[in-house]
Amino acid sequence: MDVAERENLEAMRRWTKEAKIGEGTFAVVYRGRQVSTGRPVAIKKIKVGQFKDGLDMTAIREVKFLQELKHPNVIELLDVYSNKSNLNLVLEFLDSDLEMIIKDRNHVFKPADIKSWMAMTCRGLEFCHRNWILHRDLKPNNLLLAANGELKIADFGLARDFTDPGSKMTCQVITRWYRPPELFFGARAYGTGVDMWSVGCIFAELMLRVPYMAGETDLEQLKVIFRALGSPTEETWPGHTKLPDYVDLGRVPKPPMQDLFTAASQPALDLLQKFLLYDPLKRISAKDALHHKYLTSLPHPTHPSKLPKSGQPMKARPLPPDELDGKGAAVTGQGATKKRKSSTMGEDGPRKVARKLEFN
Amino acid sequence: MATNPKLAWLKGPTRPSTSSARPSSSRSVSKPGTPGPGNRPANGKPGTPSAYHNAINDPSGRMREYSNKDDKCPVCTTDRYLNPKLRLLVSPCYHKMCESCIDRLFTLGPAPCPICGKILRKSGFVAQTFEDLDVEKEVSVRRRIAREFNKKVEDFPDRKSYDDYLEEVEDITFNLINGVDLPQTEARIAAFRAANAALIEANIQRDSVAAAEQAAAEEEDKRFRAEQARMAAREEEDERTERERERRAVIEGLERGEDAEGVLRRTRAEAERRTRRAQELAAQQQLARASALTAFARPAKKDVIPDEPHIAYLDDLLSGAERYMLKPSYDDPVSDAARPELKSRWTIGGYRQAESWQRAVSCAVMGLGLGTVEDSAMEVDVGA
């Protein structure tokens, strides 16, 4: 038995698996425990061996980036080990996500609650960006909440590093409702702005309690964005007509935001508008957002332990739909089981995003 | 046909005079529910709620209807001498009149106030709480304003805007009380209501939750006190019966002709034992009381974690930014296509050429200073 094998076996013995709490095409999530301390963990078992291309790309990304990121507002990868032909990721156990809280009508969000969640999101994201990692799939569903109220950014399956000048990046990322306009226009080089747009959408969703800009198709989504924010002009976004997939959808004037966000304070509206600027270079960065007046002014952000918590008992969290659908042709042998799963989980229709992989 | 009583129902409701043949014709003319002269119950003594619904409704019982022996109705000049059951009510225009005047004037529908001429309805009259009607008016205005202007200090970005808000509320209240610019003031209230509908609703919910918690705490307090009083009473009772029993034992002992000295000694020992036991019991009860007190205090303490001001960073991982100075430009053929001044496809999507340099340089210097060598002092030349 060589050293690597022995280490792997040791890692495996550190954790125990308990009940299954979620299943997708490429991964099964179990509830587990650390043997030595009894600490609850989530174990994500990634099925390997049934794909022609080898290991699932999202798993590689998740391991690659999470191993580097250690921050209170980013989910912690505790361990990785393989068992038979499966790869197991041991993650921090978090019992709810922000989407559950937003949907639960029993909660009334105070302005300070929203501020607290925004501060934690920006803090975690700033850390990722400082370490040159784009998340590229931010949405309430991927912002998990610990029992003590801490918010943690999770699901780095679509993350990648940025600033590499030589390589093109895919524009087929981020769940549609949270995707910025430059990706719809086919930009193949982008930066932190894409994540900041998603944060702006989440901020608006926290205030409205419904998704702010929800389009049925990509084209529809662009129209929804323009209706909400006015169409971009040469002043608001210089040169946007030069992007590869630019489409002219006509001129729409910008409606005043105050009409929709009646309860929002002036600094909150200002920050929201800076998140949702068309020009990605002018869009506020996570670092600047952390120092924005909205977060520093009164009321203070709610202490995490006092934030609204999910009332319902822990239930299986369905994996993101894009993970469930799989990549079509990539899987042939397991077709029957795959179809059944995607049909049961398919009610999140509009949230799907075609996940294209880049091998460059 | 109209005379046929069996078909009377076909005609719909009939006047009592024409349907006198029907057995159910004893119905009175007055509308049910309104206290007309016919079905009005006898008026109670002043201060008790009578036929009017608008009696003071205060479950705590601390607030009572105001009445005075010198009361005199300003409309009919009846006083308590002529009508011992005199009860004066206040109109929405803040004029007092007695119940019989109200019945007389407003039973047949809205009518002008005999004092100021404002059109009033019977249902608008309320019981008087305060002797001074100006106070009465101010209280009701403030109650109305507080229902909608319910923002708290937490709802404001800073102290200044909260102060401005309080100022505005006070301004509106003053205008309403003193009748200054009424239409404009009402318009301001309506504008505020429209702009803050969601927040007002949320605050009402928050206030009701807080009120419920407060009530629960009070209830708990009351129960605790009652329990304590009961315990004290039982203790006293036990003590008395014990003493009684002892006295009897002494008498019985003496009756049986026992040695007086021995009986006395025994009783004294017993008394000592009893006081010791009582002391123990008292100590125990003290303990129980203390624990009950903390148990009572616990729910009130649960929300003490204070909200702290926002902190931008929670980690101390530095990006190495303090170790280098980025040049405004580098000779970099790889990223040449992404030069910002070209305004090419590369930059429009949000790509920053400077970031690629920043990353390269910061990654190069990040590890410096972590080792044992004092290399953090080293000047790093990151020029091309």
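**Exercise 1. The contact between the chains**

Task: In this predicted model, determine how many residues of chain B are in contact with chain A, and which helices of chain B supply that side.

Solution. 
- Step 1. Count the residues on each side: 37 residues of chain B are in contact with 48 residues of chain A.
- Step 2. Assign the chain B side to elements. Helix H5 (197-255), helix H7 (345-348) and helix H8 (353-366) of chain B each supply at least two residues.
- Step 3. H5(B) gives the most to the side of chain B that touches chain A, namely five residues.
- Step 4. Take one residue of chain B as an example. B:Asp158 touches A:Ser297 and A:Leu298, with residues up to four places away in sequence not counted. B:Asp158 lies in the loop between helix H2 (133-148) and helix H3 (159-178) of chain B.
- Step 5. Classify the exposure of B:Asp158. B:Asp158 counts as partly exposed because it has 14 C-beta neighbours inside 10 Å, and the partly exposed class lies between the limits of 12 or fewer for exposed and 20 or more for buried.

**Exercise 2. The makeup of chain B**

Task: Describe the secondary structure of chain B and state what share of its residues is buried.

Solution. 
- Step 1. Count the elements: chain B has eight helices and five strands.
- Step 2. Read their order from the N terminus, which is β-β-α-β-β-β-α-α-α-α-α-α-α.
- Step 3. Examine burial. Chain B has 384 residues, of which 10% count as buried.
- Step 4. Examine contact range. Of the contacts in chain B between residues at least 6 apart in sequence, 47% join residues at least 24 apart.

**Exercise 3. The five-stranded sheet of chain A**

Task: Give the strand order of the open sheet in chain A and identify its edge strands.

Solution. 
- Step 1. Write the order: the five strands run S1-S2-S3-S5-S4, with antiparallel pairing.
- Step 2. Find the edges. Strand S1 (15-23) and strand S4 (77-83) of chain A each pair on one side only.
- Step 3. Note the twist, which averages 30 degrees from one strand to the next.
- Step 4. Inspect one pair. Strand S3 (residues 40-46) and strand S5 (residues 86-92) of chain A are joined antiparallel over six bridges. In this pair, A:Ala42 is opposite A:Leu91 of S5(A).

**Exercise 4. An annotated position**

Task: Decide whether A:Asp137 is buried or exposed, and list its contacts.

Solution. 
- Step 1. Consult the record: an unreviewed UniProt entry lists A:Asp137 as "active site".
- Step 2. A:Asp137 sits in the loop between strand S7 (133-134) and strand S8 (143-145) of chain A.
- Step 3. List the contacts, leaving aside neighbours within four places in sequence: A:Asn142, A:Asp155, A:Gly157, A:Leu158, A:Val173, A:Ile174 and A:Thr175.

Key
Residues are numbered from 1 along each chain as its sequence is written. Chains are lettered from A and ligands numbered from 1 in the order in which they are written. This is a predicted model: local features need pLDDT of at least 70, side-chain atom pairs count only at pLDDT 80 or more; totals for chains, interfaces and linings use all residues. Two strands pair if DSSP finds at least two bridges between them. Helices (H or I, at least four residues) and strands (E, at least two) are DSSP runs, numbered from the N terminus. Axes are lines fitted to C-alpha atoms, for helices over the stretch in contact, and angles run from 0 to 180 degrees between N-to-C directions. UniProt positions are given in the numbering used here, feature names are shortened, and annotations may be inferred rather than shown by experiment. Two residues are in contact if their C-beta atoms, placed from the backbone, lie within 7 Å.
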